[in-house]
Amino acid sequence: MNANALSMNARGRARRAARSRAVEVGARAGFVARGVIYLLVGLLALRIAFSDGGGEQADRGGAIAEIAEKPFGNILLWALGVALAGMALWRLSEALFGQAGPDGDKAGKRAMAAGRFLFYAFVSYSVLSYAAGDQGSGSGSSDRQTDDVTARALQWTGGQWIVGIAGVAVTGAGLWMAYRAVARKYHKHLKTGEMTKKVRQAVDVVGVFGGTVRGAVFATAGGFALAAAVQHEPGRAKGMDDTLRSFTETPAGPWLLVLIALGLAAFGLFSWANARYRKI
(Lines give C-alpha, C1' and ligand atoms only; values in the text may rest on other atoms or scores of the structure.)
Protein backbone atom coordinates (compact mmCIF):
# COMPACT_ATOMS: atom_id res chain seq x y z
CA MET A 1 0.00 0.00 0.00
CA ASN A 2 1.51 3.34 -1.04
CA ALA A 3 1.76 6.51 1.04
CA ASN A 4 -1.27 8.13 -0.61
CA ALA A 5 -3.44 5.12 0.14
CA LEU A 6 -2.24 5.03 3.74
CA SER A 7 -2.98 8.74 4.11
CA MET A 8 -6.48 8.36 2.65
CA ASN A 9 -7.12 5.38 4.92
CA ALA A 10 -6.02 7.39 7.98
CA ARG A 11 -8.22 10.34 6.98
CA GLY A 12 -11.14 7.96 6.50
CA ARG A 13 -10.71 6.51 9.99
CA ALA A 14 -10.45 10.00 11.47
CA ARG A 15 -13.61 11.11 9.65
CA ARG A 16 -15.50 8.02 10.88
CA ALA A 17 -14.33 8.76 14.43
CA ALA A 18 -15.58 12.34 14.08
CA ARG A 19 -18.99 10.99 13.04
CA SER A 20 -19.05 8.37 15.79
CA ARG A 21 -21.73 7.84 18.40
CA ALA A 22 -19.34 9.01 21.11
CA VAL A 23 -18.88 12.41 19.46
CA GLU A 24 -22.64 12.73 19.01
CA VAL A 25 -23.27 11.94 22.67
CA GLY A 26 -20.61 14.47 23.67
CA ALA A 27 -22.20 17.18 21.52
CA ARG A 28 -25.68 16.56 22.92
CA ALA A 29 -24.31 16.58 26.48
CA GLY A 30 -22.62 19.88 25.66
CA PHE A 31 -25.94 21.43 24.63
CA VAL A 32 -27.43 20.29 27.94
CA ALA A 33 -24.53 21.90 29.83
CA ARG A 34 -24.86 25.15 27.86
CA GLY A 35 -28.55 25.18 28.68
CA VAL A 36 -27.85 24.81 32.40
CA ILE A 37 -25.45 27.77 32.35
CA TYR A 38 -27.86 30.06 30.47
CA LEU A 39 -30.75 29.11 32.75
CA LEU A 40 -28.68 29.96 35.81
CA VAL A 41 -27.47 33.25 34.32
CA GLY A 42 -31.11 34.13 33.62
CA LEU A 43 -32.03 33.27 37.22
CA LEU A 44 -29.19 35.39 38.59
CA ALA A 45 -30.22 38.29 36.35
CA LEU A 46 -33.78 38.03 37.74
CA ARG A 47 -32.43 38.28 41.28
CA ILE A 48 -30.48 41.39 40.31
CA ALA A 49 -33.56 42.93 38.70
CA PHE A 50 -35.54 42.70 41.95
CA SER A 51 -32.64 43.49 44.30
CA ASP A 52 -28.94 44.27 44.14
CA GLY A 53 -28.25 40.56 43.60
CA GLY A 54 -26.46 40.22 46.94
CA GLY A 55 -23.06 40.47 45.30
CA GLU A 56 -23.86 37.68 42.83
CA GLN A 57 -22.56 37.77 39.26
CA ALA A 58 -25.00 37.29 36.40
CA ASP A 59 -22.45 35.62 34.14
CA ARG A 60 -20.78 32.24 33.61
CA GLY A 61 -18.66 32.68 36.73
CA GLY A 62 -21.75 33.40 38.80
CA ALA A 63 -23.48 30.32 37.39
CA ILE A 64 -20.48 28.13 38.29
CA ALA A 65 -20.40 29.53 41.82
CA GLU A 66 -24.15 28.95 42.14
CA ILE A 67 -23.74 25.28 41.19
CA ALA A 68 -20.78 24.82 43.53
CA GLU A 69 -22.88 25.90 46.52
CA LYS A 70 -25.51 23.19 45.95
CA PRO A 71 -25.42 19.63 47.36
CA PHE A 72 -23.17 17.49 45.15
CA GLY A 73 -22.24 20.74 43.40
CA ASN A 74 -18.67 19.65 42.73
CA ILE A 75 -19.87 16.47 41.04
CA LEU A 76 -22.22 18.55 38.90
CA LEU A 77 -19.34 20.84 37.92
CA TRP A 78 -17.24 17.87 36.81
CA ALA A 79 -20.18 16.63 34.74
CA LEU A 80 -20.68 20.07 33.18
CA GLY A 81 -16.98 20.42 32.39
CA VAL A 82 -16.81 17.02 30.73
CA ALA A 83 -20.01 17.75 28.77
CA LEU A 84 -18.58 21.05 27.52
CA ALA A 85 -15.41 19.20 26.50
CA GLY A 86 -17.67 16.95 24.42
CA MET A 87 -19.11 20.05 22.76
CA ALA A 88 -15.57 21.30 22.06
CA LEU A 89 -14.56 17.99 20.44
CA TRP A 90 -17.66 18.03 18.25
CA ARG A 91 -16.87 21.57 17.09
CA LEU A 92 -13.31 20.45 16.39
CA SER A 93 -14.61 17.61 14.23
CA GLU A 94 -16.74 20.14 12.31
CA ALA A 95 -13.69 22.34 11.77
CA LEU A 96 -11.64 19.40 10.48
CA PHE A 97 -14.24 17.51 8.47
CA GLY A 98 -17.15 19.91 7.92
CA GLN A 99 -20.62 20.21 9.39
CA ALA A 100 -23.71 18.14 8.72
CA GLY A 101 -25.66 19.33 5.68
CA PRO A 102 -24.97 20.07 2.00
CA ASP A 103 -22.90 23.23 2.62
CA GLY A 104 -21.10 22.01 5.72
CA ASP A 105 -17.70 21.90 4.00
CA LYS A 106 -17.58 25.64 3.31
CA ALA A 107 -14.43 27.31 4.58
CA GLY A 108 -16.36 29.96 6.48
CA LYS A 109 -18.41 27.40 8.41
CA ARG A 110 -15.31 25.39 9.25
CA ALA A 111 -13.57 28.54 10.48
CA MET A 112 -16.53 29.38 12.72
CA ALA A 113 -16.48 25.82 14.05
CA ALA A 114 -12.79 26.25 14.87
CA GLY A 115 -13.57 29.43 16.81
CA ARG A 116 -16.36 27.67 18.70
CA PHE A 117 -13.99 24.81 19.49
CA LEU A 118 -11.54 27.24 21.11
CA PHE A 119 -14.34 28.92 23.06
CA TYR A 120 -15.84 25.71 24.43
CA ALA A 121 -12.40 24.27 25.16
CA PHE A 122 -11.66 27.36 27.27
CA VAL A 123 -15.02 27.20 29.07
CA SER A 124 -14.59 23.47 29.73
CA TYR A 125 -11.10 24.07 31.10
CA SER A 126 -12.39 26.86 33.36
CA VAL A 127 -15.19 24.72 34.79
CA LEU A 128 -12.96 21.67 35.31
CA SER A 129 -10.25 23.82 36.91
CA TYR A 130 -12.80 25.24 39.34
CA ALA A 131 -14.09 21.74 40.14
CA ALA A 132 -10.50 20.64 40.79
CA GLY A 133 -10.06 23.40 43.38
CA ASP A 134 -8.83 26.42 41.41
CA GLN A 135 -11.64 28.75 42.45
CA GLY A 136 -9.99 31.70 40.76
CA SER A 137 -10.45 30.02 37.38
CA GLY A 138 -14.07 29.47 36.39
CA SER A 139 -15.72 31.93 38.74
CA GLY A 140 -13.74 35.06 37.98
CA SER A 141 -15.73 38.21 37.37
CA SER A 142 -16.31 38.78 33.66
CA ASP A 143 -16.36 42.52 34.38
CA ARG A 144 -12.92 42.55 36.01
CA GLN A 145 -11.50 40.35 33.26
CA THR A 146 -12.96 42.64 30.59
CA ASP A 147 -11.52 45.73 32.30
CA ASP A 148 -8.08 44.11 32.60
CA VAL A 149 -7.96 42.93 28.98
CA THR A 150 -9.26 46.27 27.65
CA ALA A 151 -6.80 48.30 29.75
CA ARG A 152 -3.90 46.14 28.56
CA ALA A 153 -4.96 46.37 24.92
CA LEU A 154 -5.36 50.16 25.06
CA GLN A 155 -1.73 50.43 26.13
CA TRP A 156 -0.52 48.79 22.92
CA THR A 157 0.41 50.70 19.79
CA GLY A 158 -2.84 51.01 17.86
CA GLY A 159 -4.69 49.72 20.93
CA GLN A 160 -7.71 51.95 20.37
CA TRP A 161 -8.13 50.51 16.89
CA ILE A 162 -7.78 46.95 18.19
CA VAL A 163 -10.37 47.46 20.92
CA GLY A 164 -12.64 49.34 18.52
CA ILE A 165 -12.47 46.58 15.90
CA ALA A 166 -13.16 43.99 18.61
CA GLY A 167 -16.18 46.02 19.74
CA VAL A 168 -17.52 46.25 16.19
CA ALA A 169 -16.96 42.50 15.73
CA VAL A 170 -18.84 41.61 18.93
CA THR A 171 -21.66 44.01 18.05
CA GLY A 172 -21.87 42.51 14.57
CA ALA A 173 -21.87 38.98 15.99
CA GLY A 174 -24.71 39.92 18.32
CA LEU A 175 -26.80 41.41 15.53
CA TRP A 176 -26.08 38.33 13.40
CA MET A 177 -27.26 36.06 16.24
CA ALA A 178 -30.45 38.06 16.63
CA TYR A 179 -31.12 38.05 12.87
CA ARG A 180 -30.62 34.28 12.64
CA ALA A 181 -33.01 33.77 15.54
CA VAL A 182 -35.73 36.02 14.10
CA ALA A 183 -35.31 34.44 10.63
CA ARG A 184 -35.39 30.97 12.25
CA LYS A 185 -32.21 29.94 10.48
CA TYR A 186 -31.77 27.28 13.15
CA HIS A 187 -34.46 25.17 11.48
CA LYS A 188 -31.94 23.74 9.03
CA HIS A 189 -29.89 22.39 11.93
CA LEU A 190 -32.81 20.69 13.69
CA LYS A 191 -34.71 17.48 12.99
CA THR A 192 -38.03 19.31 12.72
CA GLY A 193 -39.62 16.27 11.08
CA GLU A 194 -39.32 14.41 14.38
CA MET A 195 -41.17 17.14 16.31
CA THR A 196 -44.88 17.31 16.93
CA LYS A 197 -46.62 20.55 16.03
CA LYS A 198 -46.72 21.69 19.67
CA VAL A 199 -43.05 20.89 20.22
CA ARG A 200 -42.08 22.75 17.05
CA GLN A 201 -44.08 25.79 18.17
CA ALA A 202 -42.46 25.68 21.62
CA VAL A 203 -38.99 25.39 20.09
CA ASP A 204 -39.72 28.41 17.90
CA VAL A 205 -40.83 30.47 20.91
CA VAL A 206 -37.67 29.80 22.92
CA GLY A 207 -35.47 29.84 19.81
CA VAL A 208 -36.64 33.20 18.49
CA PHE A 209 -37.04 34.91 21.88
CA GLY A 210 -33.92 33.43 23.46
CA GLY A 211 -31.72 33.87 20.41
CA THR A 212 -32.82 37.47 19.90
CA VAL A 213 -32.15 38.40 23.52
CA ARG A 214 -28.78 36.64 23.49
CA GLY A 215 -27.84 38.58 20.36
CA ALA A 216 -28.99 41.85 21.95
CA VAL A 217 -26.79 41.23 25.01
CA PHE A 218 -23.74 40.53 22.83
CA ALA A 219 -24.43 43.61 20.67
CA THR A 220 -24.75 45.78 23.79
CA ALA A 221 -21.46 44.46 25.20
CA GLY A 222 -19.81 45.21 21.86
CA GLY A 223 -21.16 48.75 21.99
CA PHE A 224 -19.58 49.28 25.39
CA ALA A 225 -16.22 48.03 24.06
CA LEU A 226 -16.49 50.44 21.15
CA ALA A 227 -17.20 53.30 23.57
CA ALA A 228 -14.12 52.30 25.60
CA ALA A 229 -12.01 52.51 22.46
CA VAL A 230 -13.38 55.86 21.29
CA GLN A 231 -13.04 57.48 24.74
CA HIS A 232 -9.87 55.59 25.68
CA GLU A 233 -11.44 54.53 28.97
CA PRO A 234 -11.11 50.81 29.85
CA GLY A 235 -13.88 51.14 32.42
CA ARG A 236 -16.39 51.76 29.64
CA ALA A 237 -16.04 48.14 28.52
CA LYS A 238 -18.36 45.77 30.38
CA GLY A 239 -18.48 42.04 30.94
CA MET A 240 -21.70 40.03 30.95
CA ASP A 241 -22.63 40.98 34.52
CA ASP A 242 -22.25 44.76 34.09
CA THR A 243 -23.86 44.58 30.65
CA LEU A 244 -26.95 42.98 32.14
CA ARG A 245 -27.02 45.45 35.05
CA SER A 246 -26.89 48.32 32.54
CA PHE A 247 -30.38 47.40 31.32
CA THR A 248 -31.76 48.55 34.68
CA GLU A 249 -30.48 52.07 33.92
CA THR A 250 -32.86 52.51 30.97
CA PRO A 251 -36.26 54.24 31.28
CA ALA A 252 -37.84 50.79 31.57
CA GLY A 253 -35.89 50.26 34.77
CA PRO A 254 -35.54 46.73 36.15
CA TRP A 255 -38.35 45.41 33.96
CA LEU A 256 -36.14 45.44 30.89
CA LEU A 257 -33.64 43.28 32.77
CA VAL A 258 -36.50 40.95 33.69
CA LEU A 259 -37.26 40.57 29.98
CA ILE A 260 -33.57 39.97 29.21
CA ALA A 261 -33.32 37.42 32.04
CA LEU A 262 -36.33 35.51 30.72
CA GLY A 263 -34.80 35.58 27.25
CA LEU A 264 -31.50 34.10 28.49
CA ALA A 265 -33.42 31.40 30.33
CA ALA A 266 -35.37 30.73 27.13
CA PHE A 267 -32.09 30.30 25.26
CA GLY A 268 -31.15 27.73 27.89
CA LEU A 269 -34.34 25.81 27.07
CA PHE A 270 -33.55 26.16 23.37
CA SER A 271 -30.14 24.60 24.05
CA TRP A 272 -31.90 21.63 25.62
CA ALA A 273 -34.07 21.33 22.51
CA ASN A 274 -30.85 21.24 20.47
CA ALA A 275 -29.60 18.42 22.69
CA ARG A 276 -32.56 16.35 21.51
CA TYR A 277 -33.16 17.46 17.94
CA ARG A 278 -29.86 18.84 16.59
CA LYS A 279 -28.51 17.23 13.42
CA ILE A 280 -25.04 15.95 14.32
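Contact here means heavy atoms within 4.5 Å of each other. This is a predicted model, in which local features need pLDDT of at least 70 and side-chain atom pairs count only at pLDDT 80 or more, while totals for chains, interfaces and linings use all residues. Residues are numbered from 1 along each chain as its sequence is written, and side-chain values use heavy atoms, with hydrogens and water left out.

**A helix contact across the chain**

A219, found in helix α8 (residues 197-231), touches V170, T171, G174 and L175 when residues up to four places away in sequence are not counted. The C-alpha atoms of A219 and T171 are separated by 3.8 Å, although the two residues are 48 residues apart along the chain. With a relative accessible area of 15%, A219 is buried, where buried means under 20%, exposed over 50% and partly exposed in between (1.4 Å probe, protein chains only).

**Overall architecture**

The protein has 10 helices and zero strands; helices (H or I, at least four residues) and strands (E, at least two) are DSSP runs, numbered from the N terminus. Of its 280 residues, 42% count as buried, and residues 24 or more positions apart account for 73% of the contacts with a separation of 6 or more. Helix α3 (residues 60-68) contains the buried residues G61, G62, A63, I64, E66 and I67, and what covers them includes α2 (21-50), α4 (73-97) and α5 (107-131).

**Aromatic rings**

The structure holds six aromatic pairs, defined as rings of Phe, Tyr and Trp (its six-membered ring) with centres within 6.5 Å, where planes under 30 degrees apart count as stacked, over 60 as edge-to-face and the rest as tilted.

F119 is partly exposed at 43% relative accessibility, whereas Y120 is buried at 7%. F267 and F270 are both buried, and because they are three residues apart in helix α10 (residues 254-277), about one helical turn separates them. Together with Y38 and Y186, F267 and F270 form one aromatic cluster. K238 lies over the face of F224, at 5.1 Å from the ring centre; a charge sits over a ring if NZ of Lys or CZ of Arg is within 6 Å of the ring centre and within 35 degrees of the ring normal.

**Surface and loops**

L269, also placed in helix α10, is partly exposed at 40% relative accessibility. With V32 and W272, L269 forms a nonpolar patch on the surface that has about 250 Å² of accessible area together.

Most residues other than glycine have a negative phi. R184, which is not a glycine, has a positive phi of about 55 degrees; R184 lies in the loop between α7 (159-182) and α8 and is partly exposed, with a relative accessible area of 40%. H232, likewise not a glycine, has a positive phi of about 55 degrees and lies in the loop between α8 and α9 (240-246), where H232 is partly exposed, with a relative accessible area of 41%.

Terms used:
Patches are made of residues with over 30% relative accessible area and no salt bridge: like charges are joined within 9 Å, nonpolar side chains (Val, Leu, Ile, Met, Phe, Trp, Tyr) within 5 Å. Accessible areas come from the Shrake-Rupley method with a 1.4 Å probe; for residues, only the protein chains shown count as cover. A salt bridge is a side-chain nitrogen of Lys or Arg within 4 Å of a carboxyl oxygen of Asp or Glu.
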